[in-house]
Amino acid sequence: MLAGAGVLLGVAAGPAQAAEVSYTTHCVPPAGIDPVDGTTKVEITAPATAKVGDTVDIVWKFTQPASKNPDIIDLPADSVQPSGTLKAAGAQTADIAMQGPRENPAIPKGAAMVLSDMKGTLKLTAAGQVTLTPDAYTVNAMSTDTKCTPTQTVQPAAAIAVTAGGGSSSSSSTSTSPDPTGSASQSASPSSTPSASASDGTGSGQTDFTGKEVQVPYACKTPIGDKSATSPVQINAKKDGGNFDLTVQFKKSVMDSPADIPKGSVKPSMEVALGGADKGTVHVEGPTNANDIKSGDPIEIPDLTGTYKPGASGESTLSPGVLTINALGTTTTCTPTKSEVSLTLDTTEQASGASGSTTSSGGSTSADGGLAATGADDHGALKALGLVAGTAILLGAAVFTFMPGRRLR
């Protein structure tokens with residue numbers, strides 16, 4: 001009613017804080033943890049009035065997430081990231097991709113989740129009232145996803161009164177991308193643009209695209225403690241029809257091995273973060289070590305490869321994301337504390353593409369929604385972090401602490 005009054009009076013209103021919307025939600029944690037049925041409470045902030053052709057900023061604030069932190073492990077600060085979908089309806093229909101930075105206080109076992117505010121944008125294409133309704137969302141914590149879906153009809157949380165202006169006046173279905181800005185700890189949304197040395201994916205008949213080498217600061221969760229390091233990483237692509245074969249290269253070796261490691265016992269993988277027109281992650285992985293690694297020899301991360309199937313048309317960015325290393329029964333997870341785009345590609349949407357999902361190198365795709373799962377299909381990574389002793393655990397922690405070393409290439 002207030003929005004309508006604004007239109008009739010011709011007064012441009014500022015951002016309006018909507019009333020809280022509450023809805024029952026079914027949340028599915030990683031395999032091995034029981035699903036949770038709870039209540040989600042959300043506030044949506046959006047302009048009360050705008051014109052056709054405007055691009056408006058929208059904020060999704062969690063006043064109460066539906067699920068708590070399971071009784072498995074304390075979640076450290078800046079380890080949780082939400083993403084989700086906001087439904088636009090009325091004069092214009094759209095699925096608005098929302099995403100928050102990886103920012104949170106330390107969350108003890110069993111405590112309520114604390115999620116950052118999610119942001120998104122919507123370009124207005126038709127005059128009339130556009131309503132905004134919260135929908136499904138995903139909570140990514142320590143390389144695992146919890147997916148939460150409404151189990152009842154959700155009421156609109158905000159409305160925008162759109163008046164005629166520049167741009168199209170016809171109703172359309174639009175999908176928008178999340179706000180690419182965020183804190184330094186946000187790993188899944190690239191916050192910087194590639195330099196002129198990075199390929200932009202254009203060029204008639206071009207099939208090979210070389211990314212720029214970017215310095216990636218990692219925060220690593222090892223079985224016996226936290227480590228940090230910076231490593232230069234480069235993402236290259238080769239076009240194959242509408243898809244791209246990716247190769248991720250680490251340009252420096254890691255530290256020397258503190259002990260003998262048998263062949264076939266070390267396997268790395270990464271979730272390449274998508275941005276720009278596309279969203280989600282692409283899974284790339286490398287082979288296990290083909291030879292025994294003797295104590296004192298350098299540890300190297302081999303080239304990581306996988307296939308990127310675009311989920312959107314436009315200019316899509318690729319940035320180094322979460323690195324996972326499985327060794328001797330332990331898992332070390334390294335999350336970038338600052339994202340930087342290595343490669344930008346002009347993409348064309350493919351059926352069952354990456355937008356909103358995680359694509360594995362084998363071509364399978366996980367459930368849609370959010371910045372996606374990075375790691376095993378169960379919550380073993382969380383349990384591994386709780387271990388504090390054992391020769392294999394100590395070795396796994398020591399091997400994968402990043403330190404500058406000699407170039408391998």
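This report describes the disulfides, nonpolar cores, aromatic pairs and salt bridges of a predicted model.

## Disulfides

The structure contains 2 disulfides. One of them joins cysteine 27 to cysteine 148, with an S to S distance of 2.2 Å. The angle about the S-S bond is 115°, and the link of cysteine 27 and cysteine 148 is right-handed. Cysteine 27 belongs to strand β2 (residues 21–28) and cysteine 148 to strand β10 (residues 144–150), so this pair ties together parts that are 121 residues apart in sequence. With a relative accessible area of 0%, cysteine 27 is buried. Cysteine 148 is buried as well, at a relative accessible area of 1%.

Another disulfide joins cysteine 220 to cysteine 334, with an S to S distance of 2.0 Å. The link of cysteine 220 and cysteine 334 is right-handed, with 110° about the S-S bond. Cysteine 220 is found in strand β14 (residues 214–222) and cysteine 334 in strand β22, so the pair ties together parts that are 114 residues apart in sequence. Cysteine 220 has a relative accessible area of 2% and is therefore buried, since the cut-off is under 20%. Cysteine 334 is likewise buried, with a relative accessible area of 0%. When the bonded cysteines of the chain are numbered in sequence order, the pairing reads 1-2, 3-4.

## Strand β22 and threonine 331

Strand β22, which holds cysteine 334, covers residues 330–336 and also includes threonine 331. Threonine 331 is buried, with a relative accessible area of 13%. The side chain of threonine 331 makes a polar contact with the side chain of asparagine 326, at 2.8 Å.

## Nonpolar cores

The largest nonpolar core has 40 residues. Within this core, the residues with the most contacts are Ile44, Ile58, Trp60, Ile96, Leu122 and Leu132. Several strands give two or more residues to this core, among them β2, β3 (36–47), β5 (55–64) and β6 (80–90). Strands β7 (93–99), β8 (118–123), β9 (128–141) and β11 (158–163) also give two or more residues each. The most comes from β9, with 5 residues.

Another core lies apart from the largest one and has 32 residues. Its members include Phe209, Tyr218, Phe250 and Ile293.

## Aromatic pairs

The structure holds 5 aromatic pairs. In one of them, the ring centres of tryptophan 60 and phenylalanine 62 are 5.6 Å apart and the ring planes stand at 45°, so the pair is tilted. The tilted class applies because an angle under 30 degrees would count as stacked and one over 60 as edge-to-face.

Both tryptophan 60 and phenylalanine 62 are buried. Ring pairs join Trp60, Phe62 and Tyr137 into a cluster. Trp60 is also among the residues with the most contacts inside the largest nonpolar core.

## Salt bridges

The structure holds 7 salt bridges. In one of them, the side chains of lysine 147 and aspartate 145 meet at 3.8 Å, N to O. Lysine 147 counts as partly exposed, at 21% relative accessibility, whereas aspartate 145 is buried, with a relative accessible area of 9%.

Aspartate 208 is partly exposed, at 46% relative accessibility, and lysine 238 is partly exposed, at 42%. A further salt bridge brings together the side chains of lysine 267 and glutamate 285, at 3.8 Å, N to O. Lysine 267 lies in strand β17 (residues 266–276) and glutamate 285 in strand β18 (residues 280–285), so the pair ties together parts that are 18 residues apart in sequence. Lysine 267 is partly exposed, with a relative accessible area of 30%. Glutamate 285 is also partly exposed, with a relative accessible area of 28%.

Terms used
Residues numbered from 1 in each chain as written. Predicted model: local features only at pLDDT ≥ 70, side-chain atom pairs only at ≥ 80, totals over all residues. Heavy atoms only, no water. Helix = DSSP H or I, 4+ residues; strand = E, 2+ residues; numbered from the N terminus. Buried < 20%, exposed > 50% of the residue type's maximum accessible area, 1.4 Å probe, protein only. Polar contact = N/O pair within 3.5 Å; in protein donor to acceptor, adjacent residues only side chain to side chain. Disulfide = S-S within 2.5 Å. Phe/Tyr/Trp six-rings, centres within 6.5 Å; stacked < 30°, edge-to-face > 60°. Salt bridge = Lys/Arg side-chain N within 4 Å of Asp/Glu carboxyl O. Core = buried A, V, L, I, M, F, W, Y, C linked by side-chain atoms within 4.5 Å.
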